[in-house]
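Open the model in your viewer and keep the sequence panel beside it. The stops below say what to select and what is there.

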Amino acid sequence: IFVDVFQPSQDDHQHTALLINMADMPFVVDTVRLVLSRSDHDLYAFINASDVRILRHDKGQIKSLDQDKKGAQPELFLIVSLNRITDVHDIKCLIERVHLALQDVDLAVSDWQKMQSRMSVAISNLTAINDPQLTPYRDEAIDFMKWLLKFFTFIGYREYKAQSESEPLTFCADSPLGVLRANHFSPKQVDASSPPTLFDPKSIERFIVVGKSKIRSTIHRPP
């Protein structure tokens with residue numbers, strides 16, 4: 001993922017250009033817009049060249065721009081015209097924020113099939129429960145999870161084990177997928193205390209517990 005900033009010319013005192021080059025994938029343009037809006041930068045223009053097929057050497061240098069060349073991969077080139085930025089620290093922070101967000105996009109897109117597979121496994125595990133008293137609640141949970149699988153955009157996945165009501169959930173170190181593989185979404189930053197209903201016998205029919213993280217998403221997903 002390449003992110004850089006340059007000033008178009010010494011005579012242009014109004015604009016700064018943000019340059020981005022990476023593998024072509026969903027969510028990139030809207031995620032860049034999200035980062036820039038949170039950084040209070042004014043956007044003047046977006047130039048988006050997507051699905052440009054490029055063949056590169058192992059070290060990343062361009063080998064061929066022939067669109068039909070065997071092994072050529074689709075890439076995205078994005079140029080964003082912003083309000084003039086002259087402070088070196090501000091430029092460095094902008095590059096870091098954009099690069100971090102695009103790394104999250106890459107993780108989410110790379111792992112989306114694996115995350116869907118984890119949801120399918122969870123549905124299969126629920127289906128195997130044959131307690132007649134729990135069947136209505138189980139079926140409702142399965143229907144909801146199938147709906148999520150069809151319509152929901154998964155960007156991160158992580159597993160925890162519940163030991164007892166008095167102990168916090170135990171993080172499974174090899175489980176993270178998507179953005180939860182990133183260092184800034186470490187288990188220490190995402191608290192996973194046991195939900196109060198998890199071990200409550202009166203709430204045994206609750207197969208799904210919904211919570212909300214305090215961390216803001218770095219990725220803009222379609223509604």
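Select L102: leaving aside residues up to four places away in sequence, L102 touches I1, V3, I20, M22, V28 and V32; contact means heavy atoms within 4.5 Å. This is a predicted model, in which local features need pLDDT of at least 70 and side-chain atom pairs count only at pLDDT 80 or more, while totals for chains, interfaces and linings use all residues. Residues are numbered from 1 along each chain as its sequence is written, and side-chain values use heavy atoms, with hydrogens and water left out.

L102 is also one of the residues that touch the most other members of the largest nonpolar core, which has 30 residues; the others are L18, I20, V28, V32 and V98. A nonpolar core is a set of buried Ala, Val, Leu, Ile, Met, Phe, Trp, Tyr and Cys residues joined through side-chain atoms within 4.5 Å. Buried means under 20% relative accessible area, exposed over 50%, and partly exposed in between (1.4 Å probe, protein chains only). At least two residues of this core come from each of β1, β2, α1, β5 and α2. The largest share, 9 residues, is supplied by α2. Helices (H or I, at least four residues) and strands (E, at least two) are DSSP runs, numbered from the N terminus.

A second, separate core has 10 residues, including M119, A141, M145 and L148.

**Second stop: the sheet**

Now show the strands. An open sheet of 5 strands has the order β1-β2-β5-β3-β4, with antiparallel pairing; two strands pair if DSSP finds at least two bridges between them.

Select β1. V3 and V5 make up its covered face, and F2, D4 and F6 the uncovered one. In a regular strand the side chains alternate between the two faces of the sheet. The antiparallel strands β1 and β2 are joined by 5 bridges, and V3 stands opposite I20 in β2.

Move to β3 (residues 43-56), which runs antiparallel to β5 (residues 73-83) and is joined to β5 by 9 bridges. Here A45 stands opposite S81 in β5.

Beyond residues up to four places away in sequence, H41 touches L36, L82, N83, I85, L94 and R97.

**Last stop: aromatic rings**

The whole structure holds 4 aromatic pairs. Rings of Phe, Tyr and Trp (its six-membered ring) pair if their centres lie within 6.5 Å; planes under 30 degrees apart count as stacked, over 60 as edge-to-face and the rest as tilted. Select F144 and W147, a stacked pair at 6.3 Å centre to centre with 15° between the planes. They are 3 residues apart in helix α3 (residues 135-151), so about one helical turn separates them. F144 and W147 form one aromatic cluster with F151.

Finish with Y160 and F171: their ring centres are 5.7 Å apart and their planes at 50°, so this pair is tilted. Y160 is in strand β7 (residues 160-161) and F171 in strand β8 (residues 170-171), 11 residues apart.
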